[in-house]
Amino acid sequence: DETSGPRRIRALDPDVVNKIAAGEIIVAPVHALKELIENAVDAGSTSLEVLVKDGGLKLLQITDNGCGINRDDLPILCERFTTSKLQTFEDLQSIATYGFRGEALASISHIAHLTVTTKTKDSDCAWRAHYDSGKLAPAKPGQAPDPKPTAGRQGTQITVEDLFYNVPTRRRAFRSSSDEYNKIIDMVGRYAVHCSNVAFSCKKHGDSSTSIAVQSSASTVDRIRQIYGGSVANELIEFSTSDARWAFKAEGLATNANYNIKKTTLLLFINHRCVESTNIRKAVEQTYAAFLPKNGHPFVYLSLEIDPQRVDVNVHPTKREVNFLNEDEIVQEICEHIRSKLAAVDTSRTFLTQT
Ligand code: ADP
Ligand code: MG
């Protein structure tokens, strides 16, 4: 009798598993975009163009001028855990946005229509391939799934269309495409500040003007000026500190006491990955409390390099937070350094107004 005993346990279809996993990792279009930006930067690109339609839900396209992908690698490009970024267990401990390597393109291919056009330096032509659920797929039903030769410049163009088309509940959860677009602009802006020597542009499909346009030669201060405005860029202090004991190096730019805003802007990069850290945010705010009026907050760009073996990406895939060894000591040292810089500016300012 079916109703009296327990139901039999069965394995889920791998495709279902992959779809669920992908939807947990990529919660919003910006999470897919972040992975694509990191891939483009990893590929040695000096130019990165982003095109967005409907907050990234209809179209997310990123064009780079990096090393490209070998034609022969295209069949496995979107399989899970395929990567060119090398792989002993120790390597895996270096910070990757996901817990494992080689998951980004695979995940995207399970919840969107993915097209890759790519050309390496040595290839005579570019190759275009379509993907569905980790595998090569035909461009149109009935066609062969193999990559097709096409014209193109060196580099890679990744086109993500109809994100969450097969996850209707997630798709319906997005109310405002302008909210999603703002998250995308915010993320592109962060990488545009951090990646010196790389040109960035970000544009909404159909708009004649770009939302972000940074030239490859722009200095970090210029990048901040173009993205966050002159009121921030004119009040920046440069800082740089390191300590061999904790195997870290920190550098960045932070606003002085002349600037304050309602909410802290923290551009935090750990080993060149944009991450969140509640601890660092709190410590930075505490540091500034002595220098800014009540409810006033700073703008801080902080690039932290730590021995990768000491960094742990938080286990839960949707969390963008990271932990690292001796976190308290490192954060304290950085904040102490920023405090001394702020104090120095503050005294010279007082001195100037007195004379
Ligand atoms: P991971 O970045 O962790 O290796 P991904 O799924 O993001 O995993 O990418 C898989 C592989 O595809 C990368 O290791 C890289 O070899 C290749 N790849 C992805 N995007 C690009 C790109 N824009 N340019 C060159 N190669 C790329
Ligand atoms: Mg990647």
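Which residues come nearest to ligand 1?

## Ligand 1

Asn39, Ala43, Thr83, Ser84 and Ala104 come nearest, out of 21 residues around ligand 1; a residue is near a molecule or strand if its C-beta atom, placed from the backbone, lies within 6 Å of it. By class, the shell around ligand 1 holds 9 nonpolar, 7 polar and 5 charged residues. In this classification Ala, Val, Leu, Ile, Met, Phe, Trp, Tyr, Cys and Pro count as nonpolar, Asp, Glu, Lys and Arg as charged, and the others, Gly among them, as polar. At least two residues of the shell come from α2, and at least two from α4 (104-111). Helices (H or I, at least four residues) and strands (E, at least two) are DSSP runs, numbered from the N terminus.

## Model and domains

This is a predicted model, in which local features need pLDDT of at least 70 and side-chain atom pairs count only at pLDDT 80 or more, while totals for chains, interfaces and linings use all residues. Residues are numbered from 1 along each chain as its sequence is written, and chains are lettered from A and ligands numbered from 1 in the order in which they are written.

The chain is divided into domain 1 (14-214) and domain 2 (230-354), with bounds from an automatic or database domain assignment. The centres of the two domains, taken over C-alpha atoms, are separated by 30 Å.

Two packed helices are described by the angle between their axes and the distance between the axes. Axes are lines fitted to C-alpha atoms, for helices over the stretch in contact, and angles run from 0 to 180 degrees between N-to-C directions.

Helix α2 (residues 29-42) packs against helix α6 (residues 177-194) at an angle of about 25°, with axes 9 Å apart. The pair is therefore roughly parallel (angles under 35 degrees; over 145 is roughly antiparallel, 65 to 115 roughly perpendicular and the rest oblique). The crossing of α2 and α6 is right-handed, that is, the near helix is turned clockwise from the far one by less than a right angle. Pro29, Val30, Leu33, Lys34 and Ile37 of α2 meet Glu180, Lys183, Ile184, Met187 and Tyr191 of α6, contact requiring C-beta atoms, placed from the backbone, within 7 Å. This contact comprises 7 nonpolar, no polar and 3 charged residues.

## Packing of α6 with α7

Helix α7 (residues 220-228) packs with α6 at about 160°, the axes being 8 Å apart. That makes α6 roughly antiparallel to α7. Their crossing is right-handed. Gly189, Ala192 and Val193 in α6 meet Thr220, Arg223, Ile224 and Ile227 in α7, giving 4 nonpolar, 2 polar and 1 charged residues.

How values were computed
Contact = placed C-beta atoms within 7 Å.
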